Amino acid sequence: MTPNEIGFALLYIGVFLLIGKIIRVKWTLLQNLFLPSSIIGGFIALFLGPQVLGKFMPEESFFSNGIMTESIMEVWSALPGLMINVVFAALFLGATIPKLKDIWYYAGPQLALGWSVGWGQYVVGITLAVLILVPFFDLPAMSGALIEVAFEGGHGTAAGMASTFEELGFAEAFDLAIGLATIGVLSGVIFGIILINWGVRNKKTKVIQDVEDFSDLRKRGVMEYQNREPAGKMTLRPESIEPLSFHLSIVFIAILLGWLLLQGLIGLESITIGSDFMSYIPLFPLAMIGGIALQIFFSKRDKYNLVDRRMINRIQGLALDVLILTAISTVSLDVIGEYLVPFVILAAAGIAWNLFGFLVLAPRMIPQYWFERGIGDFGQSMGVTATGLLLMRVVDPDNESPAFEAFGYKQLFYEPFLGGGFVTALSVPFIAQFGPWPTLIVAVAMTAIGIFFGLFYFGKQKTA
């Protein structure tokens with residue numbers, strides 16, 4: 001593959017992102033679902049690529065791969081695994097790490113809820129694997145981790161786990177996980193809006209009384225003129241270094257630190273116990289550790305406050321858009337069709353468990369503003385943190401409840417473990433090496449701990 005072919009493949013990403021945005025602006029249904037342009041563009045690219053359009057064309061014709069060339073699909077298939085490292089390296093860069101007391105006070109109930117739902121997805125998935133997927137569909141036991149990888153982790157984590165799945169002999173899991181993540185995002189928004197309407201009608205919400213307050217521009221995804229804010233601060237003078245270049249360099253260094261840490265762990269494991277378990281661990285959770293290390297350094301040494309969180313958010317957002325679009329557009333429909341029944345079983349079970357977490361656990365774990373705070377965790381548990389933020393914005397548009405603050409604090413302790421953190425990264429190789437039963441026992445114990453603290457400690461408080 002030539003550099004020109006790689007560059008042309010990157011240009012194509014812009015085309016489909018823009019197409020997705022235009023469709024979002026024009027189509028009322030997609031506006032009401034608040035679907036990101038990256039998802040819309042990803043589906044358009046999927047339909048116009050070899051998986052759909054190419055299937056109806058003669059093998060030797062110009063359009064045998066749809067309007068996508070083989071080089072484009074090859075580049076795009078590698079991008080999700082690269083972009084997830086950017087997303088996770090940027091998680092804590094430029095963010096202020098609050099005091100433990102504040103985190104415990106605000107985020108404790110939601111951490112208990114998220115912990116219960118996240119580990120519970122393993123309980124549900126592994127139980128399905130040992131009882132149904134392995135004996136009746138001949139799937140490997142590690143298929144039990146797909147609900148958490150796809151729903152809590154989302155497209156990024158699913159893409160980041162691709163090499164792990166392949167090395168463990170279950171390459172099809174990537175396509176299943178991307179498909180499940182897509183189902184998670186769609187159902188998260190759809191069920192989220194349904195739950196909000198139900199909550200308003202049944203007086204479960206404390207802040208809003210209706211859901212008709214969103215402007216037409218907001219539904220189209222256009223920022224109102226009076227609400228437009230700078231995308232970032234010019235913390236350095238461009239004649240010395242472009243501020244965007246500086247922030248990109250920080251993100252890249254965080255990824256490099258994560259890579260060095262991973263290589264060190266692999267080497268240490270090889271020398272000490274002679275196993276290769278760490279070689280199956282993807283890079284992105286270590287990139288997050290690299291980002292945390294850099295943020296600690298800047299917090300102590302940077303007297304000029306050079307790292308701007310908004311600029312980091314823009315980099316992270318770009319990486320996530322590219323990741324989602326390319327992941328959806330390169331998913332194998334043949335694999336999903338081959339495993340359609342297990343796919344439907346996993347999707348239905350995951351959605352049902354997440355609904356149980358919101359409707360049954362949330363009101364009993366979160367003493368005050370349970371709906372406004374719990375809906376964010378529901379959205380995140382369906383695949384994308386942005387979905388949780390969107391749903392919270394619908395029920396609390398002016399930030400009158402502690403929902404956003406508590407949700408943000410919770411991420412500091414939640415993200416390093418579940419939803420794409422170390423537990424997610426380790427779960428698949430752990431099941432492959434030790435079997436499903438030890439993993440199931442651990443998952444049950446962790447779920448029980450989350451439920452216990454949520455119900456009998458945080459749930460009994462009246463001032464949280």
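Author: With 464 residues, the protein chain has a radius of gyration (taken over C-alpha atoms) of 22 Å, which agrees with the value near 23 Å that a compact globule would have, the globule rule being 2.2 Å times the number of residues to the power 0.38. This is a predicted model, in which local features need pLDDT of at least 70 and side-chain atom pairs count only at pLDDT 80 or more, while totals for chains, interfaces and linings use all residues. Residues are numbered from 1 along each chain as its sequence is written, and side-chain values use heavy atoms, with hydrogens and water left out.

The chain has 20 helices and one strand, as DSSP runs numbered from the N terminus (helices H or I, at least four residues; strands E, at least two).

Turning to the second largest pocket, about 340 Å³ of space lies in it. A pocket here is an open set of points on a 1 Å grid over the protein atoms alone, where a 1.4 Å probe fits, with protein on both sides within 12 Å along at least five of seven lines; lining residues have an atom within 4 Å of a point. The volume is the space filled by probe spheres set on the points, which are joined across faces, edges and corners.

The second largest pocket is lined by 18 residues, and M83, L248, L318, A319 and V322 lie nearest its centre. Two or more lining residues come from each of α1 (3-26), α4 (70-89), α11 (243-272) and α13 (309-329), with α4 giving the most, six residues.
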